[in-house]
Amino acid sequence: MISLTVTAIVFGVVFLAELPDKTALAGLVLGTRYRASYVFAGVAAAFAVHVVLAVAAGSVLTLLPQQLVHAITGVLFLGGAAVLLMKKDEEDEEVRKPENQSFWKVSGAGFMLILVAEFGDLTQIMTANLAARYDDPLSVGLGAVLALWAVAGLGIVGGKALMKRVPLRLITKVAALLMLGLGVWSLWEAVAG
């Protein structure tokens, strides 16, 4: 039986913790370049995997070597920034055509980005701790996955809305700079931690 109280508490905690995180940025970047439903499918699947792992592992996830996670995340963000900065300018209309975007390619990219970047993340560890505290894996899992999906959806939809008002080249450059900053920050955490 699902406890609506536990689900609501977990939703609120995870939503607020994830909102300022790199997930919203990743969703925004992917949402500006690809079909939103394809991006969301991949991101949602990755978050479902993370929640299952967190709930199943409980507090064991807090023992993961955070320095390694930060280093991998930093390298991925730096690689993503480099790809964005080196990409040839494209016409906005070319980027928007859904038929040029394979479901598996787009959702796979979203899945892999979130799967790796969010592994050992604060919200995953928090979900594990909440699962251990409430001893209600179904309610905790439901609240966490709904919160993560909500944040991802806001980022993706925000990316689409932003693209209608701001040129794609500018969005790409700003996103690349933000990813560069996140990459440097993650690598700093890996070295300093």
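1. Accessible areas here come from the Shrake-Rupley method with a 1.4 Å probe, and for residues only the protein chains shown count as cover. On that basis the protein chain exposes about 10100 Å², of which carbon and sulfur atoms supply 71%. Of its 193 residues, 42% count as buried. Buried means under 20% relative accessible area, exposed means over 50%, and partly exposed lies in between (1.4 Å probe, protein chains only).

2. This is a predicted model, in which local features need pLDDT of at least 70 and side-chain atom pairs count only at pLDDT 80 or more, while totals for chains, interfaces and linings use all residues. Residues are numbered from 1 along each chain as its sequence is written, and side-chain values use heavy atoms, with hydrogens and water left out.

3. On confidence: pLDDT is the predictor's confidence in each residue, from 0 to 100. The mean pLDDT of the protein chain is 76, and 73% of its residues reach 70 or more. Over residues 90-98 the pLDDT is below 50, although this stretch has 14 contacts in the model beyond near neighbours in sequence. A contact means heavy atoms within 4.5 Å. Where pLDDT is low, the predicted coordinates should not be read in detail.

4. On the fold: the protein chain has 9 helices and 0 strands, and its pattern along the sequence is α-α-α-α-α-α-α-α-α. Helices (H or I, at least four residues) and strands (E, at least two) are DSSP runs, numbered from the N terminus. Among contacts between residues at least 6 apart in sequence, 94% join residues at least 24 apart.

5. On the aromatic rings: a search of the whole structure finds 4 aromatic pairs. One of them is Tyr-38 with Phe-103, an edge-to-face pair at 5.2 Å centre to centre and 85° between the planes. This pair links distant parts of the chain, with Tyr-38 in helix 3 (residues 36-57) and Phe-103 in helix 6 (residues 103-117), 65 residues apart. Tyr-38 is buried because its relative accessible area is 16%, whereas Phe-103, at 30%, is partly exposed. Another pair is Phe-40 with Trp-149, also edge-to-face, at 6.5 Å centre to centre and 70° between the planes. Phe-40 lies in helix 3 and Trp-149 in helix 8, so this pair ties together parts that are 109 residues apart in sequence. Phe-40 is partly exposed, with a relative accessible area of 30%. Ring pairs also link Tyr-38, Phe-103 and Trp-104 into a cluster. For reference, rings of Phe, Tyr and Trp (its six-membered ring) pair if their centres lie within 6.5 Å; planes under 30 degrees apart count as stacked, over 60 as edge-to-face and the rest as tilted.

6. On the surface: Ile-2, Leu-4, Leu-138, Leu-142, Leu-146 and Trp-149 form a nonpolar patch with about 550 Å² of accessible area together. Patches are made of residues with over 30% relative accessible area and no salt bridge, with like charges joined within 9 Å and nonpolar side chains (Val, Leu, Ile, Met, Phe, Trp, Tyr) within 5 Å. A salt bridge is a side-chain nitrogen of Lys or Arg within 4 Å of a carboxyl oxygen of Asp or Glu. Helix 8 (residues 137-165) gives the most to the patch, with 4 residues. Trp-149 counts as partly exposed because its relative accessibility is 31%.

7. On Phe-11: this residue lies in helix 1 (residues 4-18) and counts as partly exposed at 29% relative accessibility. Leaving aside neighbours within four places in sequence, Phe-11 is in contact with Gly-143, Leu-146, Ala-147 and Ala-150. The C-alpha atoms of Phe-11 and Gly-141 are separated by 9.3 Å, while the two residues are 130 residues apart along the chain.

8. On Thr-123: its place is in helix 7 (residues 122-134), and it is buried, with a relative accessible area of 4%. Not counting residues up to four places away in sequence, Thr-123 touches Val-14, Ala-17, Glu-18, Glu-118 and Leu-148. Thr-123 and Glu-18 are 105 residues apart in sequence and 6.5 Å apart in space, C-alpha to C-alpha.

9. On two exposed residues: Asp-135 is in the loop between helix 7 and helix 8 and is exposed, with a relative accessible area of 66%. Leu-177, in helix 9 (residues 168-192), counts as exposed at 53% relative accessibility. Leu-177 and Leu-78 are 99 residues apart in sequence and 9.5 Å apart in space, C-alpha to C-alpha.
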